[in-house]
Amino acid sequence: MSLKFLAIALLGTFCAFSASARDIAVKTNLLYDATLTINVGGEVQIAPKWSFDLSGNYNPWTLSDGKKWKHWLVQPELRYWFCEPLGGHFVAAHLLGGQYNMGHWGHGFKFLNNDAHPLADHRYQGWFAGAGIAYGYSWLLGRHWNLEAEIGIGWAYTRYDTYECKGCGRKIRANKAHNYVGPTKAALSLVYVF
């Protein structure tokens, strides 16, 4: 169901704007590809120095030993380009939202006041929504190809249930809330500009 929603949202975004072919791009985030996360993005110029970017990510896999990293994420973003749209420096504001089912990832870690140690022994299933700001740069590699790097920080709110073990359905805590502040976007994307 979520993949259908993602495809319809991407198609609707591009149909909503009347733009010349040079003002539309499709992309894949190579960092997400490295984690086996299926992802696609699209971008359309909406004003002389403004563009709208929409990306969707989906990871349905359960890995060995019951490790889970299942999730889907949708991330719309409004970008301001300093030079020309789809090339050079840009700043952006983005929203994000999705669902996850993850756990049993070894020793965990602590990062920016967020403790991931419980991921070693439990499974977490929930949803999240948030917003952030970002900076990026797009290198023009050729007439149709760009390489784009972007990093973003922001806030996300999540509600989740905690499960005792990787294979069982025994819930040990329900509807817990958490506020996250930190990186909300990291991308190294291969871009095709029409």
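**Cavities, salt bridges and surface of the predicted model**

The structure holds 2 cavities of 30 Å³ or more, a cavity being a set of points on a 1 Å grid over the protein atoms alone where a 1.4 Å probe fits but cannot get out. The model is a predicted one, in which local features need pLDDT of at least 70 and side-chain atom pairs count only at pLDDT 80 or more, while totals for chains, interfaces and linings use all residues. Residues are numbered from 1 along each chain as its sequence is written, and side-chain values use heavy atoms, with hydrogens and water left out.

The protein contains 2 helices and 10 strands, where helices (H or I, at least four residues) and strands (E, at least two) are DSSP runs numbered from the N terminus. The order of these elements from the N terminus is α-β-α-β-β-β-β-β-β-β-β-β. Of the 194 residues, 39% are buried; buried denotes under 20% relative accessible area, exposed over 50%, and partly exposed in between (1.4 Å probe, protein chains only).

At least two lining residues come from each of strands S1 (24-29), S2 (38-47), S3 (50-59), S4 (68-81), S9 (145-163) and S10 (171-193). By class, 3 residues of this lining are nonpolar, 8 polar and 6 charged. In this scheme Ala, Val, Leu, Ile, Met, Phe, Trp, Tyr, Cys and Pro count as nonpolar, Asp, Glu, Lys and Arg as charged, and the others, Gly among them, as polar.

The whole structure contains 13 salt bridges, each defined as a side-chain nitrogen of Lys or Arg within 4 Å of a carboxyl oxygen of Asp or Glu. Lys 185 pairs with Asp 53, the closest N and O atoms being 3.9 Å apart. Because Lys 185 belongs to strand S10 and Asp 53 to strand S3, this pair ties together parts that are 132 residues apart in sequence. Lys 185 also forms a salt bridge with Glu 150, at 3.3 Å between the closest N and O atoms; Glu 150 is in strand S9, 35 residues from Lys 185.

Asp 161 is buried at 18% relative accessible area, whereas Lys 171 is partly exposed at 43%.

Two leucines in loops have a positive phi. Leu 36, between H2 and S2, has phi near 60 degrees and is exposed, with 54% relative accessibility. Leu 86, in the loop between S4 and strand S5 (88-103), has phi near 70 degrees but is buried at 7%.

Methods: 1 Å grid on protein atoms, 1.4 Å probe; cavity = no way out; pocket = protein on both sides within 12 Å on 5 of 7 lines; lining within 4 Å. Points joined across faces, edges and corners; volume = space filled by probe spheres on them.
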